[in-house]
Amino acid sequence: MRTKLTFAAALLAATVIGGTAQAKQLVYCSEASPAGFDPSPWSGGNDFDASSRTIYSRLVEFEHGKTSIMPGLAESWTVSADGLEYTFKLRPGVKFQTTDYFKPTRDLNADDVIFSFERQWKKDSPWYEYLPGTGWEYFTGMGFPELLKEIVKVDDLTVKFVLNKPEVAFLPDLGMDFSSIVSKEYADQLQKAGTLQQFTQKPVGTGPYQFVDYQVDAVIRYQAWDGYFGGRQKIDDLIFAITTDPAVRAQKLKAGECDIMSYPAPADIAGLQADANLKVDEQEGLNIGYMAYNTTQPPFDKVEVRKALNMAVNKQAIIDAVYQGAGQVAVNPIPPTMWSYNKDIKDDPYDPDAAKKMLEEAGVKDLSMKIWAMPVSRPYNPNARRVAELIQADYAKVGVKAEIVSYEWTEYRERGKAKDRDGAFQLGWTGDNGDPDNFLFLLGCSAIGQSNYAIWCNKEFEDLLQKGKATTDVAERTKIYEEAQVVFKREAPWLTIAHSKVFMPMNKKVQGFVMDPLGIHRFDGVDVAE
């Protein structure tokens with residue numbers, strides 16, 4: 001382990017609960033503060049890293065570094081022949097974490113599983129709106145309210161999900177972060193005390209690490225959970241050092257102030273690779289960086305305007321300037337590494353003269369708009385401000401005046417959902433479960449107000465989306481999703497910008513960390529050499 005600690009790590013090493021001079025510690029320089037520690041209301045990867053992938057567990061889990069599922073809290077399951085009933089046998093003896101604010105009196109059972117989903121589903125539950133102004137982004141956006149018919153407690157260790165229609169991706173969906181299983185007993189305790197919001201401030205789960213404390217916008221501390229069903233972790237004290245600037249994250253990694261860092265700036269990668277104390281893992285990202293037009297607001301409600309704005313942007317210049325060899329121009333809403341990618345679709349050409357003419361023919365003159373720029377680096381977009389500046393300059397060439405706006409990360413995402421939001425909104429996506437539907441649902445009607453920042457509801461696209469979800473034959477699903485991509489490209493609710501390569505720099509002493517194609521950062525099974 002490191003013999004020299006600086007930054008907040010030195011202070012934390014001296015104060016961490018249960019820590020000793022011999023405690024094994026890992027510091028992760030993360031890119032943003034979490035919105036909270038409840039894994040279900042939000043959709044940011046930084047939210048998941050800080051909650052669902054440390055504190056919580058799910059019925060099924062994705063294998064490390066893969067998109068295939070394996071048993072989690074459920075040790076086995078069966079699916080009915082018609083695909084409408086999924087019955088799970090829960091692992092016996094699973095313990096919820098014991099903290100200074102909650103002492104469980106029982107093991108995990110079916111009541112916890114049912115509560116974990118019904119709180120996101122049943123509008124008469126006191127938990128449905130326990131966070132005012134915050135919805136259940138995945139649960140709602142992915143259509144779970146319409147999909148689920150009932151969840152039945154067969155016995156304490158058996159629970160059955162009954163669906164209204166077949167859903168081919170239902171099982172991997174249960175491995176996603178919003179499907180994390182929470183403690184009903186803890187929720188009941190907070191409800192009785194009238195302190196429901198403590199649920200996201202002082203979390204309790206069954207995962208490999210338990211929450212210790214959070215210094216807002218600075219540090220999150222975790223401790224290995226002795227009662228974890230998967231076995232106690234080798235790292236005693238896990239620390240997230242929140243560092244929003246990628247250049248500062250790189251400096252801290254080089255200085256030994258953190259062991260792993262997220263999302264390096266492309267300009268810093270060569271220097272990190274050259275450092276003898278570091279290793280830099282890399283893989284093609286299962287992601288898309290995009291800019292969503294508000295298709296309900298004039299003039300962006302006209303497809304010819306959206307097409308013209310797309311043609312005004314020199315995407316290759318963005319790739320060269322911002323991604324610096326670690327990205328490729330995006331054509332479709334799903335990455336080319338995913339099955340069903342439609343390779344026959346042609347991108348909108350970069351043609352400022354044609355774009356200007358199209359705007360004039362659409363009756364659009366002296367257009368002023370906003371370009372929204374994320375305040376944090378993400379795997380699909382390392383520098384949204386710079387991307388916005390380049391787009392702003394391109395728009396100016398066709399007579400469009402654009403103002404760049406940004407907000408704190410959580411506020412940014414919430415403001416972007418507003419139906420009267422002005423202009424074009426930069427965001428992106430990293431796949432959660434390896435299924436094309438996990439990208440295309442971002443444009444589904446049920447995701448409006450949640451993950452559909454284009455506020456786009458197209459019947460032809462929606463029908464294909466629903467047909468694809470209900471089809472089990474992969475070849476047939478491929479044809480359906482290829483057709484859906486044709487509709488998307490014709491209607492242009494997004495400017496597709498880039499698919500990026502993802503880099504993960506870390507100290508060479510870190511052992512067992514596996515890059516995940518789903519873009520999550522997991523620290524179970526990780527060790528630091530002495």
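1. A charge is taken to sit over a ring if NZ of Lys or CZ of Arg is within 6 Å of the ring centre and within 35 degrees of the ring normal. In this predicted model, the charged end of R415 lies over the ring of Y407, at 4.0 Å from the ring centre. Another case involves K122, which is placed over the face of W121, 4.0 Å from the centre of that ring.

2. Aromatic pairs deserve a separate remark. A pair of aromatic rings is described by the distance of the centres and the angle of the planes. The count for this structure comes to 40 aromatic pairs. In one of them, the ring centres of F117 and F161 are 5.2 Å apart and the planes stand at 90°; an angle over 60 degrees counts as edge-to-face, so this pair is edge-to-face. Because F117 belongs to helix 3 (residues 110–121) and F161 to strand 7 (residues 158–163), the pair ties together parts that are 44 residues apart in sequence. F117 has 1% relative accessibility and counts as buried; F161, at 0%, also counts as buried.

3. The nonpolar interior comes next. In soluble globular proteins, nonpolar side chains tend to be buried together. Here the largest nonpolar core has 149 residues, and those with the most contacts inside it are L26, L59, F88, F161, I391 and Y395. Strand 18 (residues 494–507) supplies the largest share of this core, namely seven residues. A second, separate core has 15 residues, including C29, A250, V280 and F503.

4. Leaving aside residues up to four places away in sequence, Y395 touches M291, Y293, L309, A312, V313, M369, I371, V400 and A402.

5. I497 is a residue of strand 18. Its relative accessibility is 1%, and since buried means under 20%, I497 counts as buried. Among the residues that I497 touches are G289, Y290, M291, I318, V387 and I391, not counting residues up to four places away in sequence. The C-alpha atoms of I497 and M291 are 7.3 Å apart in space, although the two residues are separated by 206 residues in sequence.

6. Two packed helices are described by the angle between their axes and the distance between the axes. For helix 12 (residues 315–323) and helix 14 (residues 384–397), the angle is about 150° and the axes are 10 Å apart. The crossing of helix 12 past helix 14 is right-handed. In this packing, A317, I318, A321 and V322 of helix 12 meet R386, V387, L390 and I391 of helix 14.

7. Most residues other than glycine have a negative phi, and most peptide bonds are trans. The peptide bond from P298 to P299, however, is cis, with omega near 0°. P299 is placed in the loop between strand 13 (287–293) and helix 11 (303–311).

8. S340, although not a glycine, has a positive phi of about 85°. This serine lies in the loop between strand 14 (327–329) and helix 13 (352–361). With a relative accessible area of 6%, S340 is buried.

9. D366 is likewise not a glycine and has a positive phi, of about 55°. The loop that holds D366 runs between helix 13 and strand 15 (368–372). Is D366 buried or exposed? At 72% relative accessibility, D366 counts as exposed, because exposed means over 50%.

How values were computed. Residues are numbered from 1 along each chain as its sequence is written. This is a predicted model: local features need pLDDT of at least 70, side-chain atom pairs count only at pLDDT 80 or more; totals for chains, interfaces and linings use all residues. Side-chain values use heavy atoms; hydrogens and water are left out. Rings of Phe, Tyr and Trp (its six-membered ring) pair if their centres lie within 6.5 Å; planes under 30 degrees apart count as stacked, over 60 as edge-to-face and the rest as tilted. Helices (H or I, at least four residues) and strands (E, at least two) are DSSP runs, numbered from the N terminus. Buried means under 20% relative accessible area, exposed over 50%, partly exposed in between (1.4 Å probe, protein chains only). A nonpolar core is a set of buried Ala, Val, Leu, Ile, Met, Phe, Trp, Tyr and Cys residues joined through side-chain atoms within 4.5 Å. Contact means heavy atoms within 4.5 Å. Axes are lines fitted to C-alpha atoms, for helices over the stretch in contact, and angles run from 0 to 180 degrees between N-to-C directions. A crossing is left-handed if the near helix is turned anticlockwise from the far one by less than a right angle, and right-handed if clockwise.
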